[in-house]
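Welcome! Let's take a friendly look at how some side chains pair up in this protein.

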Amino acid sequence: ALNFLVTIITMRAPGMTFWRMPLLVWANLSTSLLVVAATPFIAGVQFMVLFDRALHTNFFNFAAGGDVISYQHIFWFYSHPAVYIMMLPGFGIISEVISTHARKPIFGYRLMALALIGIVVLSYSVWAHHMFVAGMFSWLRVPMMITTLLIAVPTGIKIFSWLGTLFFGKIHTYSTAMLFALAFIVTFTIGGISGVMLGMVPIDIHVSDTYFIVAHIHYVLFGGSVFTIYAGIYHWFPKMTGKMYDEGLGKLHFWLTFVAFNATFMPMHWLGLQGMQRRIADYPAQFGTLNFIISIFAFILGASTLVFLYNMAYSWWRGETAPANPWRA
C-alpha cells in the first residue's frame, strides 16, 4: 500500500494532475489509504491475543478483569474498512470497463473520485454496526446506525454515475467483460439495499447471526468483488496476453455464474428472515427444500469456474491474435 501511495503521489507522468488520473488509480489510492491506516489495528489486536495466550496477560480474559468486547471493537475497526479494501479496486475496474464499452468519459468524474475518498473516511465510523447484539454500550447503537446509512450516499453516487455513463452510451457489443460489469451493478445494489436494512438497529437485532447476514455479505463481496475481478480479467485479457478469449465460452461462464450465484444466495435472505441460524451443522426440516436448492446451485457456481479457467488457458495458448483496439473504444 505504501508503494502504491508513494508512486501515485510522487511519480505521476508530467501533466498528470490528480484530477486527470484514471478512476482505477483513484481506487488504488483510496484502497492503499485504508490498508495503511487500518491494518495496524488487526495486527495490534492479534498481538494482544498472542500475549494473552503466551505471556498470560489479561487484555481479553474476563475472569481476570479483561474486556472481551474491546477485542471486537478493535477487530471490527479494522474489519469493516477491510470490506472496502476488497471493494474499492473493483469500483475502479468497473469504471474503466463501463466507460470503455459505453464509449464516453465516466459521468461525474470528480464526484466519483470524491466518493471514493468519502467511503475511505466514513468506513472508519461504522464498525460497531457489527456489534448491535454483542453487549456494547447501547447508546452507541444510534450514532453507528446513522453513519452506516450515511456511507450509502457515496456508494449510491457511484451507482448513479455508472448508470449515467451507460445512458446514451454507444454500446456496440455486450462482451463478457461488459456483462459482468452490468451484473455487478445489479448484485451490488441488492447487497447495498440489504446492507442499509442491516444498518437499522431493529432489523439487525431480528436477523443477527442468521442466513440473512450470509446472503448480504455474499451479494456485496461475491456479486461485488468477484464479478469485478472477472470483468477486469476479460476486459484486459487481450492487452495482457495479446490473444482474444473465446467469447462463446466467456458468455457461458457469465450466465452459469450469474444464474447460479443468484440461485445460491437469494434464498438465504428468506431463510434468514424465517430464523435459520448460521454456523450450525443441521437445521429444522422446514428449511430442507431451500437448502437443497442452494447446495445444487452452489456446486454449479463452483463448476462454472472450470469454464473460465479452460477459456483463459486455451485462449492464451491457441487464441486468435488480439487487435490493437478489441473493444472498439
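## A network of charges

Asp209, Arg278 and Arg279 are linked in a network of salt bridges. This is a predicted model, where local features need pLDDT of at least 70 and side-chain atom pairs count only at pLDDT 80 or more, while totals for chains, interfaces and linings use all residues. Residues are numbered from 1 along each chain as its sequence is written, and side-chain values use heavy atoms, with hydrogens and water left out.

A salt bridge here is a side-chain nitrogen of Lys or Arg within 4 Å of a carboxyl oxygen of Asp or Glu. Between Arg278 and Asp209, the closest N and O atoms are 2.9 Å apart. Arg278 is in the loop between helix H10 (247–273) and helix H11 (288–318), and Asp209 is in the loop between helix H8 (201–207) and helix H9 (211–241), so this pair links distant parts of the chain, 69 residues apart (helices are DSSP runs of H or I, at least four residues, numbered from the N terminus). For Asp209 and Arg279, the closest N and O atoms are 3.2 Å apart.

How accessible are these residues? Buried means under 20% relative accessible area, exposed over 50% and partly exposed in between, using a 1.4 Å probe and protein chains only. Arg278 is partly exposed at 23%, Asp209 is partly exposed at 28%, and Arg279 is exposed at 67%.

The whole structure has three salt bridges. One of them joins the side chains of Glu247 and Lys251, at 3.6 Å from N to O. Both residues lie in helix H10, four residues apart, or about one turn of the helix. Glu247 is partly exposed at 24%, and Lys251 is partly exposed at 28%.

## Rings meeting rings

There are 37 aromatic pairs in the structure. Rings of Phe, Tyr and Trp (its six-membered ring) pair if their centres lie within 6.5 Å; planes under 30 degrees apart count as stacked, over 60 as edge-to-face and the rest as tilted. The ring centres of Trp162 and Phe184 are 5.4 Å apart with planes at 70 degrees, so this pair is edge-to-face. Trp162 lies in helix H6 (residues 152–166) and Phe184 in helix H7 (residues 176–199), so the pair ties together parts that are 22 residues apart in sequence. Trp162 is buried, at 0% relative accessible area, and Phe184 is buried at 0% as well.

## Charges over rings

A charge sits over a ring if NZ of Lys or CZ of Arg is within 6 Å of the ring centre and within 35 degrees of the ring normal. The charged end of Arg12 sits over the ring of Phe18, 4.1 Å from its centre.

Technical notes: Helices (H or I, at least four residues) and strands (E, at least two) are DSSP runs, numbered from the N terminus.
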